[in-house]
Amino acid sequence: MEPREAFATADELARRLGDTGYLADDALATVAWLALRLERPLLLEGEPGTGKTALAESVALALDVPLIRLQCYEGIDATQALYDWDFPRQILHLRAVEAVADGPGRDVSAVEDELFDQRFLLARPVLRALRESPAVLLVDEVDRADDEFEAFLLEVLSTWQVTIPELGTVTAATPPVVVLTSNRTRELHDALKRRCLYHWIEHPGMRRELEIVRTRIPQVSESLAAQVVSAVQRLRSDHDLIKPPGVAETLDWTRALQELGATDLDLETAAVSLGVAVKYREDAERVRAALDRVLSR
Amino acid sequence: MSAAPGHPADEVLLAFARAVRAAGVAVTADRERTWLEAAAAVGVGDQARTYWAGRAAMCASPADLERFDQVYAAWFGLQRASTSRSRPAAPTVATAALEPATGEGHGEQDTEVVQARASSTEVLRHRDVATLSSAERAHLAALFAALRPRAPRRPAHRHTPSRRGLVDARRTLRGQLRRMGEPGPIEWRHRGTRARRVVLLVDVSGSMSAYADALLRLGHAYAATGLPVEVFTLGTRLTRVTRALCQRDPERALVACGGTVPDWAGGTRLAEGIRAFLDRWGRRGMARGAVVVLFSDGWERGSPEALGEQMRRLRALAHRVVWVNPHRGKPGYQPVQQGIVAALPHVDDFVAGHSMAAFEELVEVVGRA
């Protein structure tokens, strides 16, 4: 089924995302549903660890389509995002033709055409998404890429097609679902933002985060989950931390405590496993000094 | 949200989009269209969903979200307290004169004629900018236009064709392919360079007020080059003035900058300011591998240990940290202020910044970094 028609309402999308283990709040469900409905890319921003990437994975699961991920980095260009020719194999092919040909009888242009055949084409994520659509294309951390790459992305996102000079134009039958994530290390270009629906993901509240932990780690005991979540919520409300823990850290911490065999988050277990949730030396010192306050109920 | 009597729903929605635009969110025509489509898709009867649809369709940054919420509350008369982002109150904007009042410095008046201007340029270059008259200041401003800041370079990610360096196997093979396998000349490639980001942090507190104008002009000289440059002012709070300084005309840029910065000539909380910079911008990538230039005299109201700690963090992120102290150029200066003492171990270059000649030297230091 086409992604556009897959969910009748935002509530249905939220329910299906819940089935895959992603608890989206009303706001996020509405925006994600609109992105599907209006066939617009979805630009997600927010603190690291708030589930931007996980949303794309869950949407792909809920739609039952492949997730194609493009991790951006400084200096990424079209050959890494779009397509490339497999030079070594082309050379090999040329040598093989040379070896089996009986004399100079073969047509040069025919050999050249063979060289730019589908089988020598290395499809990179964007091209794959266009070809395999319906699919979810996740453009992760787009703020790390350069301005030039953004312009290139804009072109693909507005026309849903890519032209390969040797082969022709590839157009997506149905536009892929595109999710862009950004950590705001760099302000994205307005033109790209204008194409997208924008959503800022907040850290979840106490109740929702508890639900997330219970869904993701069903075997954890109620009391341990509640203790970890309330400790993390308290860490977050301390505005002086360099990097407040995200949901990913909450999950990691819960799992770590479980592996340690802890049934209770007490001072001792918290002190030894703190490194899972807090990743700066300065933060760790602050938290250690006030650990009893963080853990108090 | 029912349509007001006599107004179709579309009109109300569109008028709302205009109101959001008037509040300073860049709502373009195509965003208006997205908004109408989105509202139609969720159904205007559903208040909460219409709100989220509007937010997604019209906003593009956290700053927009706040404005949108305010307009939404005013327009539809609804409070959505639960959804507004908790953050400190928006900075109140206070305009302040960039030039210190006439009469500061040597007590000379505007009316005094600066004689033999051409030959005095050389003298002016070495004069402390804090002691200049207004007329001399105006002349000095022109000198800033002649400043040609260079960006420091870093190795680029991509390889480019070159006459020496590494063997470019692909290009060589491609050439061979073109000749049907006939070997030919070997092609080479090398890694080029790209401009490194330069971040200027300008202390605009009371003790630096005599230099603020000149330093922001220097900031403008950098920002106007089109190089990757970011300019912030530090006082009691941190303000990003890059946008304001990006205009071509220095006078207008400085006026725009004056409208942006709320804390001219106040106290200094250097450690707090650097910390805010690192948390909001630096650590996310702006300071990574950048050359960070800090203009300050090191008079710190907070504790020197905190400043040392923040400088250590800054140094750990940045490629090079340059501290510019206007007092360093004065005879007999000793770096004894507690702030400076705490910060110096984490500084790569400690240079003067009191005269045009010193600025030229600074531009050179940054360009070579």
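Modeller: Two strands are said to pair if DSSP finds at least two bridges between them, and that rule is applied here to a predicted model.

Biologist: What makes S2(B) and S3(B) a pair, and in which sense do they run?

Modeller: The strands S2(B) and S3 (residues 188-195) of chain B are joined over 2 bridges in the antiparallel sense, and since at least two bridges are required, they therefore count as paired. Within this pairing, B:Leu166 is placed opposite B:Arg189 of S3(B).

Biologist: Which strands of this sheet in chain B are called edge strands, and why?

Modeller: The sheet is open and is built of 3 strands in the order S1-S3-S2 of chain B, with antiparallel pairing. Strands S1 (153-162) and S2 (166-167) of chain B are its edges, as each pairs on one side only.

Biologist: Turning to chain A, how do you know in which sense S1(A) and S9(A) pair?

Modeller: Strand S1 (residues 42-46) of chain A and S9(A) are linked in the parallel sense over 5 bridges, and because the rule asks for at least two, they qualify as a pair. A:Leu43 is the residue that faces A:Tyr198 of S9(A) across this pairing.

Biologist: Why is S9(A) described as largely enclosed by the rest of the structure?

Modeller: Of the 5 residues of S9(A), 5 are buried, so the strand is largely enclosed by the rest of the structure. In a regular strand the side chains alternate between the two faces of the sheet. For chain A as a whole, 52% of the 297 residues count as buried.

Biologist: Is A:Arg128 buried, exposed or partly exposed, and what makes you call it that?

Modeller: The relative accessible area of A:Arg128 is 33%; buried would require under 20% and exposed over 50%, so a value in between is called partly exposed. A:Arg128 belongs to helix H8 (residues 125-132) of chain A, and it touches A:Ile68, A:Ala123 and A:Ser133 when residues up to four places away in sequence are not counted.

Biologist: What area do chain A and chain B bury between them, and which three residues supply more of chain A's part than any other three?

Modeller: The size of an interface is often given as the accessible area lost when the parts come together. Here about 4,000 Å² is buried between chain A and chain B, 53% of it on carbon and sulfur atoms. A:Phe87, A:Arg194 and A:Tyr198 supply 16% of the area that chain A buries against chain B, more than any other three residues. In terms of contacts, 50 residues of chain A meet 39 residues of chain B.

How values were computed: Residues are numbered from 1 along each chain as its sequence is written. Chains are lettered from A and ligands numbered from 1 in the order in which they are written. This is a predicted model: local features need pLDDT of at least 70, side-chain atom pairs count only at pLDDT 80 or more; totals for chains, interfaces and linings use all residues. Side-chain values use heavy atoms; hydrogens and water are left out. Contact means heavy atoms within 4.5 Å. Buried area is the accessible area (1.4 Å probe) that two parts lose on being put together, summed over both. Buried means under 20% relative accessible area, exposed over 50%, partly exposed in between (1.4 Å probe, protein chains only). Helices (H or I, at least four residues) and strands (E, at least two) are DSSP runs, numbered from the N terminus.
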